[in-house]
Amino acid sequence: TRRAIQRGAEALGCPAHGDPQLSILAYATPGLDTPAVASGLTRRGWFVGQTREPPGIQLMLNLTHEPVVAEYLDDLEEALAEARAGAAEGGPEAVYA
């Protein structure tokens, strides 16, 4: 599950922070407002954690996420497009330092 989301996020231009080995993944949103991307995901029903240094989105995954990997990546693609277009604004942060 983590590998599938990591590969999908990287294909969308969101590289992983570090080299995750277990079920926690944090990825960057280069050139975009991370809170705006997170807000776009939140509006689509996802609980989104953010990291501050370096800025990114953090996921704590388990097997219940496996059936929704494609849906998550579709929603991420839409949230990224909104942020690129300036159509999304950052919302409340759930931040993990």
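This is a predicted model: local features need pLDDT of at least 70, side-chain atom pairs count only at pLDDT 80 or more; totals for chains, interfaces and linings use all residues.
Which strands does helix α1 lie across, and at about what angle does it run to β1? Helix α1, residues 2-11, lies across β1 and β3, and its direction is at about 5° to that of β1.

Let me begin with the layout. The protein chain contains three helices and three strands, and if you follow it along the sequence, these elements come in the pattern α-β-α-β-β-α. Of the 97 residues in the protein chain, 41% are buried, and the exposed surface comes to about 5500 Å², with carbon and sulfur atoms supplying 53% of that area. If we take the contacts with a separation of 6 or more, 64% of them are between residues 24 or more positions apart.

Now to the sheet. The three strands form an open sheet in the order β1-β3-β2, and the pairing is antiparallel. The edges are taken by β1, residues 24-27, and by β2, and each of these has a single partner strand, so one side of each is left without a neighbour in the sheet. On average, and with direction ignored, neighbouring strands of this sheet are turned by 30° against each other. As for the pairing itself, β2 and strand β3, which spans residues 56-60, are joined in the antiparallel sense over three bridges, and if you want a specific place to look, Gly49 has Gln58 in β3 as its bridge partner.

Next, helix α2. How many of the 10 residues of α2 are buried? Seven of them are, and the helix is therefore described as mostly covered, taking buried to mean under 20% relative accessible area. The buried residues are Thr34, Ala36, Val37, Ala38, Ser39, Gly40 and Leu41, and what covers them includes β1, β2, β3 and α3. One of these residues, Gly40, can be set against Ala81, which is found in helix α3: the two are 41 residues apart along the chain, and their C-alpha atoms are separated by 9.6 Å. Ala81 itself, at 41% relative accessibility, counts as partly exposed. After α2 comes Gly45, whose phi is positive, near 100°.

That brings me to the charged side chains. A search of the whole structure finds three salt bridges, and I will take them in turn. In the pair of Arg43 and Glu82, the closest N and O atoms are 2.5 Å apart; Arg43 lies in helix α2 and Glu82 in helix α3, so this pair ties together parts that are 39 residues apart in sequence. Arg43 counts as partly exposed, at 48% relative accessibility.

Another salt bridge is formed by the side chains of Glu78 and Arg44, at 3.1 Å from N to O. Here Glu78 lies in helix α3 while Arg44 lies in the loop between α2 and β2, so the parts tied together are 34 residues apart in sequence. Both ends are partly exposed, Glu78 at 42% relative accessibility and Arg44 with a relative accessible area of 24%.

The remaining one joins the side chains of Glu82 and Arg44, at 2.7 Å from N to O. With Glu82 in helix α3 and Arg44 in the loop between α2 and β2, this pair ties together parts that are 38 residues apart in sequence. Taken as a group, Arg43, Arg44, Glu78 and Glu82 are linked in a network of salt bridges.

Finally, the aromatic side chains. How many aromatic pairs does a search of the whole structure find? The search finds one. The rings of Trp46 and Tyr72 have their centres 5.0 Å apart and their planes at 85°, so the pair is edge-to-face, the cut-off for that class being over 60 degrees. Trp46 lies in the loop between α2, residues 34-43, and β2, residues 49-51, whereas Tyr72 lies in helix α3, residues 69-85, so the pair ties together parts that are 26 residues apart in sequence. Are these two residues buried or exposed? Both Trp46 and Tyr72 are buried.

Definitions and conventions:
Residues are numbered from 1 along each chain as its sequence is written. Side-chain values use heavy atoms; hydrogens and water are left out. Rings of Phe, Tyr and Trp (its six-membered ring) pair if their centres lie within 6.5 Å; planes under 30 degrees apart count as stacked, over 60 as edge-to-face and the rest as tilted. Helices (H or I, at least four residues) and strands (E, at least two) are DSSP runs, numbered from the N terminus. Buried means under 20% relative accessible area, exposed over 50%, partly exposed in between (1.4 Å probe, protein chains only). Two strands pair if DSSP finds at least two bridges between them. Axes are lines fitted to C-alpha atoms, for helices over the stretch in contact, and angles run from 0 to 180 degrees between N-to-C directions. Contact means heavy atoms within 4.5 Å. Accessible areas come from the Shrake-Rupley method with a 1.4 Å probe; for residues, only the protein chains shown count as cover. A salt bridge is a side-chain nitrogen of Lys or Arg within 4 Å of a carboxyl oxygen of Asp or Glu.
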